[in-house]
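Colleague: I'm new to this one. Can you walk me through it?

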Amino acid sequence: LLSGRETVGSSNMENVVNLKFHQQLFLISENLVTEDVAALKFLCTDFLHLSKLEGVKSAADIFKLLMAQEYLKAEDTFLLAELLYRIKCHSLLEILGYTKEKVQERLHEKGRISPYRQMLFELSENITNEMLKEIIFLLQNRLPKRWITQSALDLLILLERQGLLAKDNVQILEDICMTVSPDLLETIDCYKKARGEKFTLWDKLLHLFIAISFLEVLCCNIFSTPDVQTAVAKLLKELGVLPSFCPTKMLRRRSFFFSFLQTMTTYKMDGPHRGFCLIINNVNFSSSQRKGSCKDAEQLERVFTWLGLDVKIYTDLTSGAIINLMQTWQHMQDHKDRNCFVCCILSHGGSGAIYGTDDKLVSIRVLTSHFTARQCPQLAAKPKLFFIQACQGNNIQRPVFVDTDGQTPDSSSVQERVSLFESIPEEADFLLGMATVDGYVSFRHIEEGTWYIQALCSKLQLLVPRGEDILSILTQVNEEVARRVSPSGTKKQMPQPAYTLRRKFIFPVPMAPPPS
């Protein structure tokens, strides 16, 4: 009888566990949108046959297939956790009892998604609609005439089906990326180097340029007379080592080479329009006024207009209005013709957040996440710059003529500190420039504006004409702000940038002189 009771108890326990497991799967499925389901289908092609995946309509369908093959069980949900991690649905990990950090720790040991599949998925995330159209045009002779393209993932699966793409043969991707967007080659290079393939298409091209330039320099420097140079160059040409030699052509080729290198290592900034710059200037709060902030907004408008951006200023926005504004600009179709996007926010703040004029906090992470490649495909692979002038702590007393950009705290609004890197999306091409490090105030002169914004504008005007990149400029901003002290002589400030930029971001030098 005791044994029978134990069996019934064990059965009941299993039923409870299974019920909880299926509730978790249902909750996760309900929170995944169409694009997430497509991403899961793609990542699961290493485990599930394509014929079975074709009938998938929802995430729940995928979960059923994984359970049928025993890839997903109540006692082992790590594969699902890895899938959610790969598609950047980190908030859903909590449902399974995981965090992003826990998944990262166990990937080396329990990761199931192949580096090849990860590489393809990362590529698809950075292929914009315009790039996809160009790729289809290039492949038109290899694609079925009646095939209708829906996404980059569909195209990659088709190439695999046709045998044009495999884990040990990604040549077609290299050829396409070299033509459409060379910066995508970095993802392929990382994959090939991890496999032990040392020389990619980019490597060969780079080495070819270096070899030719090296031989030409030898001809000019070692063999000093024109007759000897010509004779040696002719010999090298006959041997097939040097395609051609001419001192004038050599200089042009070397100039082209270094220009080519710069193009491959910097973001493209040669489009018909530079980009939009939003300035949110919160001045009037229920219990305070940010005097001097209008000085910052005016200076930012002058500088970014000078840099070629279309500047839009918004004043005194509530927390809800700020989020609505981000949603509006997230869906702005005009981004596709722009090179970059800039957003400057001037307000009070707390750890990892800024205040609306209704004294409610808005997470900086929420604001920046509106412009990820998935949420705003028009800005995919383009640099997104956010400059935040706001306190990240509230515990410094205001001295004469110097104000702080933090609300007077009350016991109900104390926030836990948020790491700066948690405020930007994990995908590439973001930069977040903060006026101060977490936990500390930033200073604002009630007549001259804030230390950070005034230093930023000053350094942009000084260093952009010199060809400096944005990170070098922000380093100079740090140095200038760090040298300043409050009138009392006891208060200082240290700005802090965080970024996931993949290349150097360099503003083209304006034709007009700096505004001030």
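Modeller: Two strands pair if DSSP finds at least two bridges between them. Strands are DSSP runs (E, at least two residues) and helices likewise (H or I, at least four), numbered from the N terminus. This is a predicted model: local features need pLDDT of at least 70, side-chain atom pairs count only at pLDDT 80 or more, and totals for chains, interfaces and linings use all residues. Residues are numbered from 1 along each chain as its sequence is written, and side-chain values use heavy atoms, without hydrogens and water.

Colleague: OK, how many bridges join E4 and E5?

Modeller: E4 pairs with strand E5 (residues 353-355) over 2 bridges, in the antiparallel sense. Glycine 350 stands opposite alanine 353 in E5.

Colleague: What order do the strands have in that open sheet?

Modeller: E4-E5-E6, 3 strands with antiparallel pairing. Strand E4 (349-350) and strand E6 (361-363) are at the edges; each has a single partner strand, so one side of each has no neighbour in the sheet.

Colleague: New topic. Is arginine 503 buried or exposed?

Modeller: Arginine 503 is buried (under 20% relative accessible area, with a 1.4 Å probe and protein chains only), at 8%. Arginine 503 lies in the segment after strand E12 (496-499).

Colleague: And the pocket lining: how many nonpolar, polar and charged residues?

Modeller: The largest pocket's lining has 21 nonpolar, 9 polar and 8 charged residues. Ala, Val, Leu, Ile, Met, Phe, Trp, Tyr, Cys and Pro count as nonpolar, Asp, Glu, Lys and Arg as charged, and the others, Gly among them, as polar. A pocket is an open set of points on a 1 Å grid over the protein atoms alone, where a 1.4 Å probe fits, with protein on both sides within 12 Å along at least five of seven lines; lining residues have an atom within 4 Å of a point.

Colleague: Which helix gives the most?

Modeller: H2, with 7 residues.

Note on methods. Buried means under 20% relative accessible area, exposed over 50%, partly exposed in between (1.4 Å probe, protein chains only).
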